[in-house]
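Biologist: I'd like to learn how to read sheets and helix packing in a model. Could you walk me through it?

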Amino acid sequence: MKKMSILNQLHQNYLVAVIRGKSEQDAIDMIEQIIKGGIYNIEITFTTPNAASVIQYFNQKEDQRLLIGAGTVMDTTTASIAIQSGAKYIVSPHFDKEIATICNLNAIPYLPGCGSVTEIVQALKTGADVVKLFPGNLLGASFIKDVYGPIPQVELMPSGGVSIENMHEWYNNGAFAIGIGSALQKDAKDGKDEIIIENTKRFVAQYEKIKG
């Protein structure tokens with residue numbers, strides 16, 4: 001039930017903010033702006049300095065809306081650190097069977113990055129519940145529809161190349177959720193810049209419009 005609850009919340013919130021902070025404080029500032037803007041699925045990448053501390057910081061907050069995960073998880077050591085820090089889901093730019101095993105043991109969803117049907121099938125065989133389509137800008141939204149033909153049971157989340165302008169294409173083709181990265185920080189000077197709130201609000205408003 002733990003994993004199912006996490007997946008349901010990920011899907012209900014739908015928009016996933018992918019955070020690559022220049023520093024620990026920069027990431028914290030950025031996430032606080034994004035939360036104010038209305039996105040509550042937060043993926044803190046391990047390219048962020050002291051990413052584990054950032055995960056711990058937000059897990060201490062008593063905000064039931066938040067779903068904090070770890071991104072750019074490249075190996076089992078990082079996966080273990082992320083889970084111990086309180087990450088509720090693990091995201092990789094690639095598929096790794098050993099990371100999948102650790103996540104399954106801890107009842108934590110693993111979202112491996114896949115760019116082909118062969119990789120997607122390999123991920124499903126290890127128990128991946130949602131597959132991250134990466135890089136999304138190269139695969140395109142129609143790739144989801146193409147995959148759903150022969151593999152209708154898979155859930156797919158694009159990351160990379162998702163914009164306000166093409167969000168409807170991903171949604172209409174059946175994306176489980178969508179990852180949004182640098183677009184949330186567009187024109188921001190740093191993590192404290194309130195333009196991040198405005199960028200986030202625009203994505204949230206567009207999503208509400210699309211889903212009706």
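Predicted model: local features only at pLDDT ≥ 70, side-chain atom pairs only at ≥ 80, totals over all residues.

Biologist: How many bridges join E6 to strand E7?

Modeller: Strands of a sheet pair through backbone hydrogen bonds, either parallel or antiparallel. Here, two bridges join E6 to E7 (residues 131-133), and the pair runs parallel. Cys 114 sits opposite Leu 133 of E7.

Biologist: And which strands form the open sheet, and in what order?

Modeller: Three of them, ordered E6-E7-E8, with parallel pairing. E6 (113-114) and E8 (156-158) are at the edges with a single partner strand each, so one side of each has no neighbour in the sheet.

Biologist: Now helices. At what angle do H4 and H5 pack?

Modeller: Two packed helices are described by the angle between their axes and the distance between the axes. For H4 (residues 76-85) and H5 (residues 97-105), that's about 25 degrees and 9 Å. Angles under 35 degrees count as roughly parallel, so H4 is roughly parallel to H5. The crossing is right-handed. H4 brings Thr 76, Ala 79, Ser 80 and Ile 83 to the contact, while H5 brings Glu 98, Ile 99 and Ile 102. By class, that's four nonpolar, two polar and one charged.

Biologist: What about H2 and H10: how do their axes cross?

Modeller: At roughly 40 degrees, with the axes of H2 (residues 24-37) and H10 (residues 195-211) coming within 8 Å. That makes H2 oblique to H10. The crossing of H2 and H10 is right-handed. Among the contact residues are Met 30 and Ile 34 of H2 and Ile 197 and Val 204 of H10.

Definitions and conventions: Residues numbered from 1 in each chain as written. Heavy atoms only, no water. Pairing = 2+ DSSP bridges. Helix = DSSP H or I, 4+ residues; strand = E, 2+ residues; numbered from the N terminus. Axes fitted to C-alpha atoms, helices over the stretch in contact; angles between N-to-C directions. Parallel < 35°, antiparallel > 145°, perpendicular 65-115°, else oblique. Left-handed = near helix turned anticlockwise from the far one by under 90°. Contact = heavy atoms within 4.5 Å. Nonpolar A, V, L, I, M, F, W, Y, C, P; charged D, E, K, R; others polar.
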